[in-house]
There are 2 protein chains.
Amino acid sequence: MSTINDVSRLAGVSKATVSRVLSGSRGVKEASRQAVLKAAEELKYRPNVIAQSLLSQSTGCIGVICAQDNINQSTGYLYALEKHLSQHQKHLLLRFANNKGEVMQALEELTCGLCDDVLIIGARFELNISDENIILVDCMDGDTGNSIQFDHAFAAETACNFLIKQGRRQIALINPEHAGGVEPVLLGYKRALENNFLPFNRNLIFTDASSSSVALQVLLNNSTTLNFNALLVADELEAQRAITQLQAFNKSVPDDIMVFSLAGSLNLPGIPTIPAIEYSMDAMAARIVAWLNQKTHSVLGSYVLRGDLIIPDMSGRK
Amino acid sequence: MSTINDVSRLAGVSKATVSRVLSGSRGVKEASRQAVLKAAEELKYRPNVIAQSLLSQSTGCIGVICAQDNINQSTGYLYALEKHLSQHQKHLLLRFANNKGEVMQALEELTCGLCDDVLIIGARFELNISDENIILVDCMDGDTGNSIQFDHAFAAETACNFLIKQGRRQIALINPEHAGGVEPVLLGYKRALENNFLPFNRNLIFTDASSSSVALQVLLNNSTTLNFNALLVADELEAQRAITQLQAFNKSVPDDIMVFSLAGSLNLPGIPTIPAIEYSMDAMAARIVAWLNQKTHSVLGSYVLRGDLIIPDMSGRK
DNA sequence: CTGTTAGCGCTTTCAT
DNA sequence: ATGAAAGCGCTAACAG
């Protein structure tokens with residue numbers, strides 16, 4: 001690779017002039033400008049970004065540590081993020097991490113000058129990070145430092161209101177191992193019930209970390225005495241699992257039981273779509289990039305993103 | 001961030017000694033060693049990798065341009081790749097690209113000193129790249145430059161042999177828009193038929209780029225005169241689409257028609273798994289990393305990876 | 001064993 | 001308008 005020295009020599013000017021032409025380009029005689037341009041062209045010269053980085057103390061690289069277990073959802077994040085980042089001349093440095101140790105190791109390796117900022121996405125374990133230029137996205141500890149959180153209470157409330165309006169008044173809730181814990185989800189759930197003057201039935205709620213299929217089985221086993229006609233689950237994978245299990249017990253979905261995903265929905269041919277809350281990855285990415293671009297980082301604090309209610313088209317249903 | 005100067009000052013030694021302690025660490029008096037270590041610890045000093053990169057002319061970054069349209073499969077690639085790369089102190093710089101223009105732009109932005117090498121994955125369009133340190137993975141033009149290709153002929157032959165042994169002798173083939181074109185697939189298909197003394201029926205083959213659902217419909221419309229009891233499709237998404245369509249026409253899968261995916265299979269609860277060829281992302285990643293690690297790049301040429309035959313467990317089937 | 005020096009490729013004063 | 005020189009943070013020769 002040719003360097004700025006080669007260009008300056010060939011063009012018969014100094015390094016400084018070459019630099020001026022290729023960057024600011026102001027206050028340079030047209031003749032020299034042309035000479036530089038020609039020389040650069042001839043040598044296929046491209047400024048070395050590493051040297052520039054050393055000087056500017058910034059690389060344009062954003063580290064993204066993906067701690068999501070739902071690998072399916074990760075791709076959505078990554079695609080949206082990369083699109084937005086590259087539009088702003090930023091690069092996405094990808095790492096996957098499955099536990100706190102791996103996250104910390106990745107952090108260690110990314111924050112030695114390589115990355116200007118780091119994003120941690122979807123961690124379902126405590127992190128206790130306070131670093132100013134690390135953003136937590138959909139992570140467990142959103143209270144500390146900068147973060148983008150999903151409004152799980154809003155999601156649950158929306159879900160319940162929708163289900164209730166559909167005539168589903170017995171809504172079961174299974175194992176929502178959401179970022180901010182179970183509380184927000186329960187909060188939204190209860191709020192919707194209250195607003196609709198519906199009683200709260202503790203037996204329909206399964207919030208412990210144990211297997212969600214066991215939880216559903218408990219519901220099914222008790223279904224003679226404990227009625228439910230709707231089921232709230234954490235995400236599209238949980239939904240798919242639940243639907244399979246329900247159908248194995250001759251429960252029709254959604255006729256007998258309407259399954260609602262609190263985060264995303266599977267969109268595959270041959271698989272009936274279900275109502276769900278979906279978070280706009282694009283909106284999230286835009287938000288993140290906006291934050292990265294303003295130098296005075298500390299202002300974000302915690303930003304809460306609300307999801308859209310997605311209603312499947314039921315017109316074709318028998 | 002503190003620099004090597006801060007450390008040397010605090011430790012009362014020269015930069016060189018600090019560098020020696022933190023890298024090679026040989027031929028340094030124990031006293032100075034301790035002083036340096038203590039000072040570094042105190043200042044939380046971490047060598048700036050950008051400065052190191054400028055000197056060594058290598059960043060440890062590997063650009064990965066993901067041109068795959070099956071976003072589902074991309075994640076598999078990325079995860080495996082990242083795991084292997086990070087084990088070798090390399091970083092994955094991610095870009096998505098949907099056409100030649102975007103690929104070229106990404107290439108432009110990554111090869112200015114930022115990345116030591118670049119991978120292009122899953123491009124289904126001509127690229128014409130000859131650069132020594134760009135690897136094409138599962139791309140269309142695998143003949144030029146370094147590349148890792150999937151053995152599609154082997155996959156098709158394996159698939160057909162499996163199907164024939166299962167008693168399926170009328171095997172339809174739809175629209176395999178594979179990396180190396182359709183030829184290898186057809187080659188493998190024909191080879192298997194020949195080896196089993198079966199006739200080749202041109203009417204069962206649909207290789208034009210038009211809609212695969214139209215192709216399947218043609219097959220279904222002609223199914224009174226043109227029998228087929230197996231169907232080869234390009235990937236798991238095509239398979240899912242095909243299965244849905246078949247079932248809508250009262251064809252049972254796999255009883256009436258066995259669908260076989262030539263690349264990967266969906267693995268979701270409630271969805272019957274189908275026989276498929278699956279390429280080990282781990283093997284591929286290992287191969288790539290091995291190649292990246294040997295400095296004398298040019299030796300790879302073209303490497304061909306064969307996929308595994310995955311047979312679904314049919315014991316529980318009624 | 002350790003400090004001094006040079007230099008990786010670039011940008012940016014500061015003179016001229 | 002432009003060149004010389006300094007310096008970003010680091011490592012590697014070269015002396016001592």
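**Notes on the model**

1. B:Leu204 lies in the loop between α8 and β7 (205–206) of chain B. Helices (H or I, at least four residues) and strands (E, at least two) are DSSP runs, numbered from the N terminus. With a relative accessibility of 5%, B:Leu204 counts as buried; buried means under 20% relative accessible area, exposed over 50%, and partly exposed in between (1.4 Å probe, protein chains only).

2. The model is predicted: local features need pLDDT of at least 70 and side-chain atom pairs count only at pLDDT 80 or more, whereas totals for chains, interfaces and linings use all residues. Residues are numbered from 1 along each chain as its sequence is written, chains are lettered from A and ligands numbered from 1 in the order in which they are written, and side-chain values use heavy atoms, with hydrogens and water left out.

3. Which residues does B:Leu204 contact, leaving aside its neighbours within four places in sequence? They are B:Gln170, B:Ile171, B:Ala172, B:Leu173, B:Tyr189, B:Leu219, B:Leu226, B:Asn227 and B:Phe228, where contact means heavy atoms within 4.5 Å. B:Thr244 is 40 residues from B:Leu204 in sequence, and their C-alpha atoms are 19 Å apart in space.

4. Chain B can be laid on chain A by a turn of 180 degrees and a shift of 0.0 Å along the axis, with an RMSD of 0.1 Å. The two copies are thus related as by a two-fold rotation axis. The superposition is by least squares on the C-alpha atoms of residues with pLDDT of at least 70 in both copies. Of the residues of chain B, B:Leu93 comes closest to the rotation axis, its C-alpha being at 2.3 Å. As for the interface, 98% of the interface residues of chain B are also interface residues in chain A, so the copies meet through the same surface.

5. Chain A has eleven helices and twelve strands. Its radius of gyration is 26 Å, well over the 20 Å that the globule rule gives for 318 residues, so chain A is more spread out than a compact globule. This radius is taken over C-alpha atoms, and the rule is 2.2 Å times the number of residues to the power 0.38. Along the principal axes, the C-alpha atoms of chain A fill a box of roughly 90 × 45 × 30 Å.

6. Of the 318 residues of chain A, 51% count as buried. Among contacts in chain A between residues at least 6 apart in sequence, 66% join residues at least 24 apart.

7. Both chains carry a cis peptide bond. In chain A, the bond joins A:Val253 and A:Pro254, with omega about 5 degrees; in chain B, B:Val253 and B:Pro254 are joined by a cis bond with omega about 5 degrees. A:Pro254 is found in the loop between α10 (236–248) and β9 (258–261) of chain A, and B:Pro254 is in the loop between α10 (236–248) and β9 (258–261) of chain B.

8. Two non-glycine residues with positive phi deserve a look. A:Gln57, with phi of about 60 degrees, is in the loop between α4 (49–56) and β1 (61–66) of chain A and is exposed at 61% relative accessible area. B:Asn175, with phi of about 45 degrees, is in the loop between β6 (171–174) and α8 (183–195) of chain B. Is B:Asn175 buried or exposed? B:Asn175 is buried, with a relative accessible area of 11%.
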